[in-house]
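Subject: The model, and what turned up in it

Hi,

Here is the structure I promised to pass on. Have a look at it first, and then read on for my notes.

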Amino acid sequence: MTTCDNIADLSSSQLTRVKLLGMGIVCGLEVFRDSQCFISITKGIGVTSKGNVICIADKTVKYYKEYTDPNNYFNTLINCKPGAAYKKCTVFELLEHREDGATSIVPQNIDSVEKPFLEGKVALLYLEDEEKMTIRILLIDEMDMWAILKCGCITDTHCIKTQPKEEEDISIFNKESKNTLPADEDLYNTVYKKYMLKSIAIRRFGYGSVDIGDLNVGDSAAENLLPNFNFTDTAPEKRNEKYFSEYELIIDEALKNLDDEIDKLHNHFGCMIDACHCKDKNNEAEIKSPCNPVNKDTPTEMGLQMHNIKIFKSYFTVINKKWAVYKKNRKPVESIQYFYDFVKDLIATYNELLDELYELVNDCCTGTECFLRHLMLGRIKEEVSFQPSIFRQEYLQPPVYNGNANRLQQIRFLHWRMVIMMKCFFVPDWELDDFSDESYYDVLQIEGEKKLGQDPKLPVRITPGRMFNEMLGKKTIPFYYNLSNSPYSIQNYWHYLSTKHNREDHQLSFFNKEIPGYTNLDTVIHPFVFSLQQYPFYRVEGHTGMKMPDAEAAIKNLRKRYALSFDIVSITFEELNKLFTQPVGDDEFAAYGLEHVCGVQKGYTFILLHDGESKTNPGVVVADFQLPFMVVREPKQTKLPPPPPPPPADDRKKIEEEWKKILERITAADTKSDELKNIRGIDEKMEKALNGIGIKSYLQISKLTEKDIPVMAAMINVDVKAIDKSWIEAAIKMVVKEGKQSLIDKIGKAAGKDDLKTIKGIGESIEAELNKIGIATYKQLATLNADDIPELAKEMGRLPHTIKDDWFTEAKKLMKK
């Protein structure tokens, strides 16, 4: 059994630990100052970069003294640069018990309180003797520790290099006080460049001009809190201009933020994403190499993946130029949402890349010289901290265990997906005649490429998909990506796992019905035929730019065809403004939660915004939104037909006589009253009317026939349609449930007499017994089945096994003859 006592004996496995198991603090070894001002270190275990195991139990240290290192280890680490002035590294040892020359950690005087000894110190474990496994608990000044880190652990050991890596980039001393370092978080973020990258958010429609500085909690100024949905004007062109300007503000801000963060990503991690980025940056492209296989400026197809940063910048420039031309022309206005969605997709992909980058272990092959004999435990704090620190040896797992190699591949994939998204972005109706750039060359264009979305008259389509808050790769490929048969088409790079497992043909998209398309799977071509449990969202596309009545009719037709659950409401710009300005409690619904999500969630409302004056004077659909609820409308009041006039006196007398016969037939001697209101469709008023003509029980209603209904309707003076024949079926179920229906009630009274002896197995004695209980016809026997045998045997006074279900089958045949 391997324990803390004998694990260090595995010296032959040091290399295996470092390269296959990892290095750093495995668990525990938290250092903090307790309530008595002593230093506590929790039990734990760690592995040095040389592969030595350090394991200690819980420790509480109360004293310290200057430490003399027999190995001169720390002085060697800090004086790593040849030719630099020699620097002595002062180290203190922490002790559990008082020794000669030791000082108590607890402050002894005012000077100790004003200048605490522990301030600016880093705790560490030091393996003084590898053979005897002598472990010391030491303190070192953080400035000295920072110098040691810069010598061998920060700039020289990243096999996944970040750019730039010059020393001045990590010289982050406080300029006002050169002898202090920033807080742990700032220092950590500066060393690990990935934490300098920030996630990006895009504003909601209506909030483009809202000054965030005015949105203070408790601010009573209403104008600072309300979004802008007022795009009303007498002229349609001015309405469209106001609407376009709202999206323009949002997209301009989003593109700028994206540009800034992508620049930082390329600067710090360009060499990791693109193998040729550093060579290009250092002007090494003149030499023939995989980065420049044919020694010319334009990369060839075989070198594309090695030039994806250069290609990214080329396409991003084109997108910005397209946006500039679109802003200049400002039409078609209905396409602005597509550009907003496209920018939102780019941001979502960047944020997804950033999440993977945060988890990426940069020091995937840290050298063994970084912490040969020591483990940094961190700055001493008043309590255990779970925040990362540059002065704490985090555990570094190798790629074989932590999925780091796969994560790195996914980061490169997501970066390349942004490239393909920019290449494939296409809106048929865009007027970009002013867009011309002779220097632009589509390096991903292939000869004979067949695009699926070249026809400007694309149909309205609804495609199921995942929720809009899921990862982009799991959602449906949008309308504005022009798919093709090219290997650089977006379906080939939409979802990492689909591409990895050669399942690109499983991607749902607007173009899943194009023939020849990119898939032959029925579940992709006709997704609504199959279960929609995994697809609670409906992507609606192709309707903008259409006349409102046509678009609404097309969407409703698709909703009916696919049996989908969502509401559709068409509104004008004037009505949109009213939805946000009407007082609470108004009869009309308010558009709280309105947002453009490229479709509608199951059970929600899809809003079509058109530039017309009203429903009677509709315009073109310019936008769509979702409301997170169904719009409740007042149901149309259906007027019941007036009751028929009472029949003449003579006719009334005949009806009453006929009803008397019906009542005698359906009423048993022991009939008890029931709650007729329990039958669906019978209310209190109807129950009172039925009681008035003698119907008081489920049993009576169960014996009625359809021929009896007109007579009953005439008796209570209502239209025949007011009495539902389903009452009879419901009453039968009630009677059976309560056990009130006898066998004879079920089969009815005998109408005549048949020779039952013609049935095999029925002799004179059995016929007599059947006649005695009221069964005398084939029709009655044919009504029974095997489930009725126990009750029939009980009525006849026989054992059940003497009655055969063949009698009922043969009775059916004789009845037909």
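First, some ground rules. This is a predicted model, in which local features need pLDDT of at least 70 and side-chain atom pairs count only at pLDDT 80 or more, while totals for chains, interfaces and linings use all residues. Residues are numbered from 1 along each chain as its sequence is written, and side-chain values use heavy atoms, with hydrogens and water left out.

The protein chain has 25 helices and 18 strands (DSSP runs numbered from the N terminus: H or I of at least four residues for helices, E of at least two for strands). Of its 817 residues, 46% count as buried (under 20% relative accessible area, with exposed meaning over 50% and partly exposed in between, using a 1.4 Å probe and protein chains only). Among contacts with a separation of 6 or more, 71% are between residues 24 or more positions apart (contact means heavy atoms within 4.5 Å).

Now the strands. Strand 13 (residues 461-465) has five of its five residues buried. In a regular strand, side chains alternate between the two faces of the sheet. Here both faces are covered, with Arg461, Thr463 and Gly465 on one side and Ile462 and Pro464 on the other. Strand 13 runs antiparallel to strand 14 (residues 537-541), joined by five bridges (strands pair if DSSP finds at least two bridges between them), and Thr463 stands opposite Arg539. Strand 18 (residues 621-627) has seven of its seven residues buried, so it is largely enclosed by the rest of the structure. Its antiparallel partner is strand 17 (residues 605-610), with six bridges between them, and Leu608 faces Asp624 there.

Helix 24 (residues 789-796) buries Ile789, Leu792, Ala793 and Met796. Viewed down the helix axis, these buried residues fall within an arc of 100°, so they line one face of helix 24 (the arc is that of the directions from the axis to the C-beta atoms). Just after this helix, Gly797 takes a positive phi of about 75°.

On to aromatic rings: there are 37 pairs (Phe, Tyr and Trp rings, the six-membered one for Trp, with centres within 6.5 Å; planes under 30 degrees apart are stacked, over 60 edge-to-face, the rest tilted). In one of them, Phe342 and Phe425 have ring centres 4.1 Å apart and planes at 15°, so the pair is stacked. Phe342 sits in helix 9 and Phe425 in the loop between helix 11 (404-424) and strand 13, 83 residues apart. Both are buried.

Finally, charges. The structure holds 28 salt bridges (a side-chain nitrogen of Lys or Arg within 4 Å of a carboxyl oxygen of Asp or Glu). Arg330 meets Glu241 in one of these, at 2.7 Å from N to O. Glu241 lies in helix 6 (residues 236-273) and Arg330 in the loop between helix 8 (308-329) and helix 9, so the pair ties together parts 89 residues apart in sequence. Arg330 also forms a salt bridge with Glu248, at 2.6 Å between the closest N and O atoms.

And which buried residue has no salt bridge? Asp341 is the one to look at: Lys344, its nearest side chain of opposite charge, is 4.3 Å away (Lys and Arg count as positive, Asp and Glu as negative; His and the chain ends are not counted).

Happy browsing!
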